[in-house]
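The sequence and structure come first.

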Amino acid sequence: MPTAALITLGCKVNQYDTQAMQEVMLRNGYTIVAEHDPADLCIINTCTVTNTADQKARQVIRRAIRRNPDTEVLVTGCYAESDRDAIAAIPGVSLVFGNREKADLQKYLDIVHESWKEKDCSPLLQIDPVHHDAVREHANFSMSVSEAGKHTRALIKVQDGCSAFCTYCIIPYVRGRMTSRPLSDIVREAKQIAANGYKEIVITGVHLGAYGLDNGRQQTIADILEHIHPINGIERIRFSSIEAMNFPPDLVDRMAALPKCMPHFHLPLQAGSNKILRQMRRRYTTEQFSRLVEKLRASFPDVGVTTDVMVGFPGETDADFEDSLRFVEATGFSQLHVFRYSPRRGTPAADYPDHVPPHVSADRSKATIRLGKRLEIEFRKQMLGKTMNVLVEESCEGPAGHLAGFTDNYLRVLLDVPDSAVNRILPVKLVALEGEFIRAEAANGFHPETD
Ligand code: SF4
């Protein structure tokens, strides 16, 4: 039986795509092995969101080839869209294909299998790369998933691509135009996932709030929630990340009426200065962002609001940066992901004047990370003593002998419960901060024979 390893870099949309490709491999009789184990075939699903992501993709590809020179290495994903020639030039790469061609994986496998039969294992299969105009095209939704591999929470991709064209962002150029997946497909996939025993669904996409804009807003992301909510077996629903722009005006009220919707929102802010937001073409102001956060807080008790902040955007002065820090602090995010701006070829911001020197953006990044840590600790301290539900997960990066999971509002907790608690939703009391985690105790004890 042939073996396959699948390696994912980047965001949850890529994780979903890898899961869909893995299911194609399984249907073809492959045994899936761990990322770094020797395999007959290795698929690397890349990211290109920053220069560092490109560099990491090249490293991962080279390492996979070095580790096993006989592996057939297939490379796909966003970096394969943005610079497929650079990937094809790496000796040992068998095939490069873009995001839309992921749905053609079966065709590529047939070619690989044919070459194996003919013992024609050339280092490069020489399948002509598909060159297309990614920015004008729509996503392909012909792949689907029925489970979540080794994860306890299952991702469902409901849209792909983006037509917002924020000035620093490469995504619209590599994932194509914003495309909504038909609601009936999404519901069918959610039912399948529930039937396979998953309790939590994470709704995933590049720009979730824009769902439906490409077909005149006949449906919005709120309709997806209302259709998935009644499915038996699904107990929790959350978004991976949702932009403040195109946030449907009735979404908060409609979500608040659906108890399975979790009180956690990842709202990428990027900058807390209106001048910089305008230059980023983010289409919201800090005032509008604040109003949205206030509405979330009023509708969902203990809501966790996490965000992304980019520092060192071209033209960001010390005063703009101070504005950003003040805004981030006042908003009281429960977690920050901090990025340093890096120019992406082909995006408008790459040609802007007044690029911020690297040592200045490094200092700003450190200061923002420090603030983020402080806010995170403050938020977690406020939650101590409360009782919350946790979906217990299989894997735990914490101390051996403990299980971990996320609270409804997305706090990572550590639990001293037996393995039979995995995939159960338990009420727990949050008792103490412990590194990245909160130590929690099963609120009513845990009784495996009755729970
Ligand atoms: S909303 Fe802006 S930052 Fe997000 S993917 Fe679209 S263009 Fe990129």
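## The open sheet

Three strands make up an open sheet with parallel pairing, in the order S6-S9-S10. Strands here are DSSP runs of E with at least two residues and helices are runs of H or I with at least four, both numbered from the N terminus; two strands pair if DSSP finds at least two bridges between them. The edges are strand S6 (153-157) and strand S10 (236-239); each has a single partner strand, so one side of each lacks a neighbour in the sheet. Direction ignored, neighbouring strands are turned by 25 degrees against each other on average.

The model is predicted: local features need pLDDT of at least 70, side-chain atom pairs count only at pLDDT 80 or more, and totals for chains, interfaces and linings use all residues. Residues are numbered from 1 along each chain as its sequence is written.

## Strand S9 and helix H7

S6 is joined to strand S9 (residues 200-204) by 5 bridges, in parallel, and Leu155 has Val202 in S9 as its bridge partner. Helix H7 (residues 183-195) packs on the sheet and touches S6 and S9; its direction makes about 165 degrees with that of S6. Such angles run from 0 to 180 degrees between N-to-C directions, with axes fitted to C-alpha atoms, for helices over the stretch in contact. Contact requires C-beta atoms, placed from the backbone, within 7 Å.

On the other pairing, S9 and S10 share 4 parallel bridges, and Ile203 stands opposite Phe239 in S10. In S9, 5 of 5 residues are buried: Glu200, Val202 and Thr204 on one side, Ile201 and Ile203 on the other. Buried means 20 or more other C-beta atoms within 10 Å of the residue's own, exposed 12 or fewer, and partly exposed in between, with C-beta atoms placed from the backbone.

## Ligand shell

Around the ligand are Cys162, Ala164, Phe165, Cys166, Cys169, Ile171, Pro172, Val206, His207 and Glu243 (C-beta atom, placed from the backbone, within 6 Å).

## Arg424

Arg424 lies in the loop between strand S16 (412-415) and strand S17 (425-434). Arg424 counts as partly exposed because it has 17 C-beta neighbours inside 10 Å. Its C-alpha atom is separated by 8.4 Å from that of Lys199, 225 residues apart along the chain.

Methods. Two residues are in contact if their C-beta atoms, placed from the backbone, lie within 7 Å.
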